[in-house]
Amino acid sequence: MKTIIEPFRIKSVEPIYFNTPEERRVILEKAHYNPFLIHSNDILIDLLTDSGTSAMSSNQWAGIMQGDESYAGSPSFFRFEETIQNITGMPLVIPTHQGRAAEKILFSILGGKGKYFVSNTLFDTTRANIEFSGAEGVDLLCEEGKHPTIPAPFKGNMDTEALINFIRGKGAANIPLCIITITNNSGGGQPVSMANIREVKRICSENKIPLFIDACRFAENAYFIKLREPGYADKPVPEIVKEIFSHAEGCTMSAKKDAFANIGGFLAMRDEQLALKCRNLLIITEGFPTYGGLAGRDLEAIAIGLKEVMEEHYLQYRIRSIEYITNKLIDAGVPVMQPAGGHAVYIDAREMLPHIPVDQYPGQALVGALYLDGGIRCVEIGSLMFGKYDEQHKLIPAPMDLVRLAIPRRVYTQSHIDYVAEVIIEVFEQRNAIRGLQIVEEAPMLRHFTAKLKPVQ
Ligand code: F0G
């Protein structure tokens, strides 16, 4: 087979910023060893997130010019609505300014003290919105998903036996919703199989618990189903997508991922009563139901992006480019999440840096080392992001300490990616010199965004 090429050519470019390791040392210290506090023009290759960082197509830019900015009843909204209805099969579509705004609305209505939201793995903002309502978020990930370096085709699957036991233990009446995150971002960008979605749906239906999908990376997940699940090889991606959504009562979506948009999100659902409550809250927090915190031009860009993301040449290139860098790292002995996920490479920092105890945040330490060595920005998905404290203020670590290098869609070329692999391998070879970190200052929730850290003496 010939090289799988980028399925686009480049019409407009933007600069990236070079600096020296000495300059980066000062920048990192000033940013308190937190990549979120580094200015983006001090970054060479920015792999902090794949969210809102995609390159839009010429078609999307053309759509931007067509955006109708009417307060109510804009044709841009109706194009947005119809596209989402067609893709998801869900009749009720509610725009929001991004994914977490959709979550905030949904969990404000369904959440509250004594309630449990079950999931394969909740993303950090989803969990935070659940907890902010007073409810509890519960991750029931399949066993293979908990072992980064052991490959399996669908490591994002929910543990259905654990789900049955959990429902039995807490009572279905206390579980307002089950949420499947596709792909499982916090667990390595790993996909969920159709068989698993079907089985979770069966269990939920039996117990009258609605199933929602956190659909941020739905197209990537659908393509993995096509590649890996028996019976799907010849099905067009839009059909697979439709089948995924057919099992759900609703979804939340951040259009900043699989819609190639720089901002945006939505809720879609089938239940009129729930939609009415969501829209009432939307008007207070986001805006009128035909724009929901977005400009008409954003609605256009999202509607176009949602169709482009399901093109198979694009998905083949997308999934292959993540696999390409992952395999380079595996060949060099770097412990990474296997197999490659859909949008990012995940390094197992706990495994790579056994000399750094978990309460000295090996993931965050590795994030700093990659910036110093090569000007690469990435993010810890581990005990800084998800850690909690017990009553003695001792850290309860996250199940895994991963470092995520998320690849923005259609932004970097293969030589950028080769450079990233070279930097990671160089840091890996010098890993014994990396030191742990301690927290100097932190917020009570989502602390990783603003925490200040310093090297352990
Ligand atoms: N759900 C998942 C699975 C996500 O990955 C994200 C965002 C959200 C919900 C929230 O969407 O950012 O539009 O409010 N993930 C980004 C990331 C931030 O870097 O993975 P949002």
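Predicted model: local features only at pLDDT ≥ 70, side-chain atom pairs only at ≥ 80, totals over all residues.

Student: Which residues of H16 are buried?

Tutor: Ile-417, Asp-418, Val-420, Ala-421, Val-423, Ile-424, Val-427 and Phe-428. As for the spacing, an α-helix has 3.6 residues a turn, so residues three or four places apart point the same way.

Student: OK, on to H12. What end-to-end distance does H12 have, and what would you expect?

Tutor: H12 covers residues 312–331, so to speak 20 residues, and its first and last C-alpha atoms are 28 Å apart, close to the 28 Å expected at 1.5 Å a residue.

Student: And which H12 residues are buried?

Tutor: The buried ones are Tyr-314, Leu-315, Tyr-317, Arg-318, Ile-319, Ile-322, Tyr-324, Ile-325, Thr-326 and Leu-329.

Student: What covers the buried residues of H12?

Tutor: The cover includes helix H8 (218–228), helix H9 (237–246), helix H11 (296–308), strand S9 (344–348) and H16.

Student: What follows H12?

Tutor: Gly-333 does, and its phi is positive, near 90°. Further on, in the loop between H12 and S9, you find Pro-339. A cis peptide bond joins Gln-338 to Pro-339, with omega about -5°.

Student: Where is Gly-341?

Tutor: Gly-341 is in the loop between H12 and S9. With a relative accessible area of 3%, Gly-341 is buried.

Student: What is Gly-341 in contact with, leaving aside its neighbours within four places in sequence?

Tutor: Gly-188, Gly-189, Gln-190, Phe-224 and Ile-322. Ile-322 is also one of the buried H12 residues. Gly-341 and Ile-322 are 19 residues apart in sequence, and their C-alpha atoms are 7.0 Å apart in space.

Student: Let's do helix pairs. How do H2 and H11 pack?

Tutor: Helix H2, residues 58–66, and H11 have axes that come within 7 Å and cross at roughly 150°. The two are therefore roughly antiparallel to each other. The crossing of H2 past H11 is right-handed.

Student: Which residues meet there?

Tutor: From H2 you have Asn-59, Gln-60, Gly-63, Ile-64 and Gln-66; from H11, Arg-297, Glu-300, Ala-301, Ile-304, Gly-305 and Glu-308. By type, that contact divides into 3 nonpolar, 5 polar and 3 charged residues.

Student: And H6 with H7, what angle and spacing?

Tutor: Helix H6 (residues 160–170) and helix H7 (residues 194–206) pack at about 15°, with axes 10 Å apart. That makes H6 roughly parallel to H7. H6 passes H7 in a right-handed crossing.

Student: Which side chains are we talking about? I mean, which residues of H6 meet which of H7?

Tutor: Thr-160, Leu-163, Ile-164 and Ile-167 of H6 meet Asn-196, Glu-199, Val-200 and Ile-203 of H7. The residues of this contact are 5 nonpolar, 2 polar and 1 charged.

Student: What about phi at Tyr-33?

Tutor: Tyr-33 has a positive phi of about 55° although it is not a glycine. Tyr-33 sits in the loop between helix H1 (21–30) and strand S1 (45–46). At 19% relative accessibility, Tyr-33 counts as buried, since the cut-off is under 20%.

Student: And Leu-446, what's its phi?

Tutor: Positive again, about 45°, and Leu-446 is not a glycine. Leu-446 is in the loop between strand S15 (437–441) and strand S16 (452–455). Its 29% relative accessibility makes Leu-446 partly exposed.

Conventions:
Residues numbered from 1 in each chain as written. Heavy atoms only, no water. Axes fitted to C-alpha atoms, helices over the stretch in contact; angles between N-to-C directions. Helix = DSSP H or I, 4+ residues; strand = E, 2+ residues; numbered from the N terminus. Parallel < 35°, antiparallel > 145°, perpendicular 65-115°, else oblique. Left-handed = near helix turned anticlockwise from the far one by under 90°. Contact = heavy atoms within 4.5 Å. Nonpolar A, V, L, I, M, F, W, Y, C, P; charged D, E, K, R; others polar. Buried < 20%, exposed > 50% of the residue type's maximum accessible area, 1.4 Å probe, protein only. Expected span 1.5 Å × (residues − 1).
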